[in-house]
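Here is a short report on a two-chain model. Please look over the sequence and the structure before reading on.

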Amino acid sequence: MNNLGLLLKAYMRTSFGFNKARYTHEKRTKSTGMTVLMVFCYAVVIFAVFGICMGLMSSLAPLHTEYMVLNLMMVAASVMVLFTTIYKVNGTLFGFRDYDLQMSLPIRTGTLIASRILVLYILNALFVLAVMVPAGVAYAIIAQPAALFYPFFILTFLAIPLLPIIIATVIGTLIAVAASRVKRKSGLSVVLTVAAFMVFMIVWMTFWTNSGDIMLDFADVGDMVNGVVTSVYPLAALYGNAVGSYDVLSLLLFLLISFGAFAVFTAVVAKLFKRLNTSITTTRAAGDYKMTELRTQSPKKALYQRELKRYFSSSQYVLNTAVGPLLLVVVAIILLVSGVDGLGTYADIPGFDYFLTVNAPLAIAFFLALGSTTAVSVSLEGKNLWIVRSLPVDTRLVLKAKLNVSLVLYIPTIAVCGTLFNLALSPQPLHAVMTYALPLAYGLFIALFGLKANLDSPNFDWTNEVTVIKQSKPTLLTLLVGVVLVAVPAIFAAMAGSFVIVIAFAAVTALDILLYRSLMTKGAAQFERF
Amino acid sequence: MLEIKHFTKSYKGGTKAVDDLSLTVEDGDIYGFIGHNGAGKTTTIKAVVGILEFDSGEIEIDGMSIREKPLECKRLTAYIPDNPDLYDNMTGIQFLNFIGDIFAIPKPEREASVKKYADLFEITANLGDLISSYSHGMKQKLAIISALIHKPKLLVLDEPFVGLDPKAAHTVKQLMHEMCENGSAIFFSTHVLEVAEKLCNKIAIIKGGRLLRAGSIEEVKGDESLEDVFLELIDE
């Protein structure tokens with residue numbers, strides 16, 4: 001095997017737990033469970049995209065403009081690649097943990113860079129695959145295109161991730177380099193990353209508030225949407241012409257721009273690789289400390305501070321878990337400022353006002369379920385686990401400190417957004433109370449369940465914390481369980497009315513009590529066995 | 001101070017990492033624990049400090065079982081692992097203060113201890129920097145300071161001299177003697193036989209999880225050098 005193959009193999013072995021699953025017998029069952037869960041989530045996304053595409057393309061079929069859905073999906077996949085890659089760049093292409101080791105080996109720097117870029121490409125190609133393949137299948141069924149469509153579709157498919165990767169790498173690198181120049185680099189990185197996310201979300205939410213029109217009657221607004229999409233991302237126009245009209249010139253231009261830009265990008269990265277890695281990984285040490293008065297606090301508070309410091313030390317950790325609360329704040333502000341009308345044409349649906357008022361507590365709970373700090377808090381102890389395990393502290397205090405980080409994130413969000421929702425919707429008194437109480441019960445559940453999931457499936461041997469934060473079983477499981485737990489009462493509430501919310505509150509509170517008791521006994525014992 | 005009785009630890013798959021190990025560390029002892037890589041030293045040390053469960057036997061610190069009274073035992077103990085992975089996101093002083101909070105060290109005593117040991121190891125100026133910027137040796141020094149500031153009765157160290165510069169290694173040896181003169185006990189693993197021979201008053205040699213020999217340095221090595229005895233024992 002050549003060096004590129006060897007480097008890719010090493011990455012796969014160390015990053016996805018394949019090696020651990022193979023050589024650690026006791027982990028085999030857990031890793032199989034993880035694989036099943038990931039395949040399930042991936043399949044759900046594929047089927048969902050397929051369903052949406054079938055629906056949208058059917059409404060465009062009479063006009064023979066189904067290709068516009070492919071355009072839309074191509075842009076959606078590109079946006080997804082762009083957004084997820086920004087946070088992968090530092091840790092995959094730059095600032096990765098085994099940089100020193102790999103650079104010391106007799107391997108050409110170009111090969112090392114190629115392996116890292118390929119990793120980024122493969123990870124993103126999997127995203128694109130989940131969106132474009134079901135879209136392509138739906139197109140083949142509805143539009144029944146000529147044979148030329150298939151080679152054009154496959155060729156363009158390979159090029160879709162390239163340009164978003166380049167843009168994301170530039171943004172991600174700028175954030176990492178800017179952050180490395182200050183003492184509290186993790187703090188600045190958190191701020192810049194969250195700021196980039198908020199800009200992205202505001203743009204996205206603006207689009208979303210108008211998406212009701214698109215869903216209700218895509219045939220009428222298809223042209224408008226296509227116009228917006230192609231003006232925002234000009235490559236989409238070339239893509240549409242290539243796969244929709246089999247225009248060879250558009251195909252060649254699309255491929256030339258994508259692969260050409262990628263070639264330039266690779267050359268630039270090769271030139272700056274060492275310099276950027278040095279700049280990002282070099283830590284600033286002032287070396288000018290003078291002893292001052294020390295502030296003392298209780299062990300309980302010290303453990304809580306330790307958790308908070310860990311939380312805010314990682315932009316990936318903050319972003320992945322604060323995404324729900326941040327989105328919720330944006331939605332709540334839109335709702336208050338524009339009223340129900342601010343939600344675009346959804347507001348025109350008969351009974352939508354009532355539906356939203358009844359489900360407001362569940363809507364808040366849904367956003368909280370999008371990320372759990374506790375689901376990775378045990379794994380993130382990593383190689384530092386020995387410290388807390390060898391100290392004379394009650395394990396229950398350690399677990400409570402982890403729970404408190406979640407609550408500190410949730411409680412102010414619930415207080416602020418609950419108030420904004422109540423002001424916008426003016427619900428009945430019981431409902432107004434439930435707008436705070438139900439999300440609180442759900443927030444507690446997400447925190448407790450996340451912690452339990454992580455205690456059941458910890459991973460302390462990570463080399464890049466992103467693998468734990470984004471790709472671990474506890475994260476996916478907590479997200480899945482949280483969303484299902486919101487969706488089930490939401491369906492019943494839509495049919496049976498608002499008393500379902502009260503029942504859901506009682507049921508989730510009961511679950512909270514059971515989970516809390518279990519964590520403080522069995523969970524603490526589990527932690528002591530690691 | 002430390003009594004290990006018939007300690008046995010097996011890993012999944014049935015491999016015995018340590019088999020029926022017994023030894024006693026008295027107050028004032030500097031007890032060296034030597035053996036090959038993979039002999040069972042770190043396993044024993046981790047069980048002693050309460051971070052590893054074990055199958056059978058008993059480990060007592062100051063007469064208390066580490067299984068039954070882990071918090072009480074840990075309050076008397078300080079542990080420094082072979083590779084001190086500390087909290088990279090904290091500054092050195094924040095880490096020491098965190099340890100001070102956990103052990104509830106009174107403020108004046110805490111400030112005096114931190115200053116004393118940080119000056120001794122010459123890292124006072126670096127205490128305001130993030131631990132992620134520290135070299136291996138600086139992390140080792142910080143871990144040692146964090147172990148000393150709460151005045152442990154039992155200090156457990158796993159390969160404490162790896163990564164330390166000669167001056168810091170000398171300082172550690174001096175501090176170990178000082179602690180033992182004040183009635184504390186030290187139990188540490190090492191590969192460096194010369195250090196063990198000069199520093200310890202008692203030694204245990206372990207091979208393949210079984211204790212080959214233990215006792216005072218004179219009893220263990222007799223008229224030979226410790227290196228000769230060690231090589232003889234592990235080649236048997």
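How many helices and strands are there in chain A? Chain A has 23 helices and zero strands. Chain B comes to nine helices and ten strands. The model is a predicted one.

**Overall figures**

The table sets out the two chains by like items.

| Chain | Residues | Buried residues | Contacts joining residues at least 24 apart, among those at least 6 apart in sequence |
|---|---|---|---|
| chain A | 530 residues | 42% buried | 85% of contacts |
| chain B | 236 residues | 49% buried | 71% of contacts |

The C-alpha atoms of chain B fill a box of roughly 50 × 40 × 35 Å along the principal axes. The radius of gyration of chain B is 18 Å, which agrees with the value near 18 Å for a compact globule of 236 residues.

**A helix pair in chain A**

Helix α7(A) spans residues 149-159, and helix α12(A) spans residues 235-245. The two pack at an angle of about 155°, with their axes 8 Å apart. Angles over 145 degrees count as roughly antiparallel, so α7(A) is roughly antiparallel to α12(A). From α7(A) come Phe149(A), Phe152(A), Phe153(A) and Thr156(A). They meet Tyr239(A), Ala242(A) and Val243(A) in α12(A). The residues of this contact divide into six nonpolar, one polar and no charged.

**The four-stranded sheet of chain B**

One open sheet in chain B has four strands in the order β2-β1-β4-β5, with antiparallel pairing. Its edge strands are β2(B), residues 16-25, and β5(B), residues 64-65. Each edge strand pairs on one side only. Strand β1(B), residues 2-10, pairs with β2(B) in the antiparallel sense over six bridges. Within this part of the model, Phe7(B) stands opposite Leu21(B) in β2(B).

Which strands does helix α1 of chain B touch? Helix α1(B), residues 41-48, packs on the sheet and touches β1, β2 and β4 of chain B. Strand β4(B) covers residues 56-61. The direction of α1(B) makes about 120° with that of β1(B).

**The six-stranded sheet of chain B**

An open sheet of six strands in chain B has the order β6-β7-β8-β3-β9-β10. Its pairing is mixed. The edge strands are β6(B), residues 77-80, and β10(B), residues 210-216, and each pairs on one side only. Neighbouring strands of this sheet are turned by 15° against each other on average, direction ignored.

Strand β7(B), residues 154-158, pairs with strand β8(B), residues 185-190. The pairing is in the parallel sense, over five bridges. Asp158(B) stands opposite Ser189(B) in β8(B). Helix α5(B), residues 136-148, packs on this sheet, touching β6 and β7 of chain B. Its direction makes about 175° with that of β6(B).

**Where the chains meet**

Conventions: Residues numbered from 1 in each chain as written. Chains lettered and ligands numbered in written order. Predicted model: local features only at pLDDT ≥ 70, side-chain atom pairs only at ≥ 80, totals over all residues. Pairing = 2+ DSSP bridges. Contact = placed C-beta atoms within 7 Å. Axes fitted to C-alpha atoms, helices over the stretch in contact; angles between N-to-C directions. Parallel < 35°, antiparallel > 145°, perpendicular 65-115°, else oblique. Nonpolar A, V, L, I, M, F, W, Y, C, P; charged D, E, K, R; others polar. Rg over C-alpha atoms; globule rule 2.2 N^0.38 Å. Buried ≥ 20, exposed ≤ 12 C-beta atoms within 10 Å, placed from the backbone.
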